[in-house]
Amino acid sequence: MLPRRLLHLSEWLFLTLGLVGCSPGSSPVGKVDPPPVLASPFQGEFRVTNVSDHEYPFQFQDNNGYLFSWWGEKLPGVDGHQGYDFPMPEGTPLLAAYDGEVTFAGWENPFYCPPLDKTVSGLGVVLRHRLPNGEVFLSIYAHMSEVHVKTGNLVRTGQVLGLSGNTGCSTGPHLHFEMRRLRGTAWPVFDPYGWEGEGEDP
Ligand SMILES: [Zn+2]
């Protein structure tokens, strides 16, 4: 089963779209519902294949060979994955998961993509959100084929941000959906599902 948990958010700020590399096809996990505070970033149902890795969530650096899910299970998939992958046809409208401001819209800086063994740049959007209690967080939409918003735009929950695609460090059409927050001077990935496993969140 896939438990649900309220968003637990602390300090958040901005970042630019960074290393996002993933593969859409490796390990079907199943259907996930958006966390209660967030709306789904798409209409309809697309099953998640790679969840956010709680154990060493560092793309291209984690070599332990598995994803550690928010419910504490080791899964195959993109090791160190930073976010959620939803395989979907190219051209699927992508929707703002919450009211926010566009802090990035366009092509990310080129970087080396190990799975493709070449330098790539993906098209994506970053939204900055503020909850009624003042907490701020980011949502990131990656591998898009078209972007329909501009930096500085204010968007509402459910507004179309653009279309899904297969740009950047991606081996097949999918949405990479990621959340971030500030911890000290770092910007760790934030899993909106939190932690439901036994013991401490690694
Ligand atoms: Zn991904």
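This is a predicted model: local features need pLDDT of at least 70, side-chain atom pairs count only at pLDDT 80 or more; totals for chains, interfaces and linings use all residues.
Which strand does L67 lie in? I looked it up: L67 belongs to strand β2, residues 67-68 (strands are DSSP E runs of at least two residues, numbered from the N terminus).

Numbering runs from 1 along each chain as its sequence is written, and side-chain values use heavy atoms, with hydrogens and water left out.

**L67.** I get a relative accessible area of 0% for L67, so I log L67 as buried (under 20% relative accessible area; over 50% is exposed, in between partly exposed; 1.4 Å probe, protein chains only). I checked H54 too: H54 and L67 sit 13 residues apart in sequence and 7.2 Å apart in space, C-alpha to C-alpha. Leaving out residues up to four places away in sequence, L67 touches N50, V51, D53 and E73, among others (contact is heavy atoms within 4.5 Å).

**Disulfide.** My search of the whole structure turned up one disulfide (cysteine sulfur atoms within 2.5 Å). C113 and C169 are joined, S to S 2.0 Å, and the link is right-handed, with 70° about the S-S bond. C113 is in β7 (residues 111-113) and C169 in β14 (residues 169-170), so the pair ties together parts 56 residues apart in sequence. I find C113 buried at 0% relative accessibility and C169 buried at 1%.

**F86.** Not counting residues up to four places away in sequence, I see F86 touching V32, F42, F46, R47, V48, H174, L175 and F177.

Key: Helices (H or I, at least four residues) and strands (E, at least two) are DSSP runs, numbered from the N terminus.
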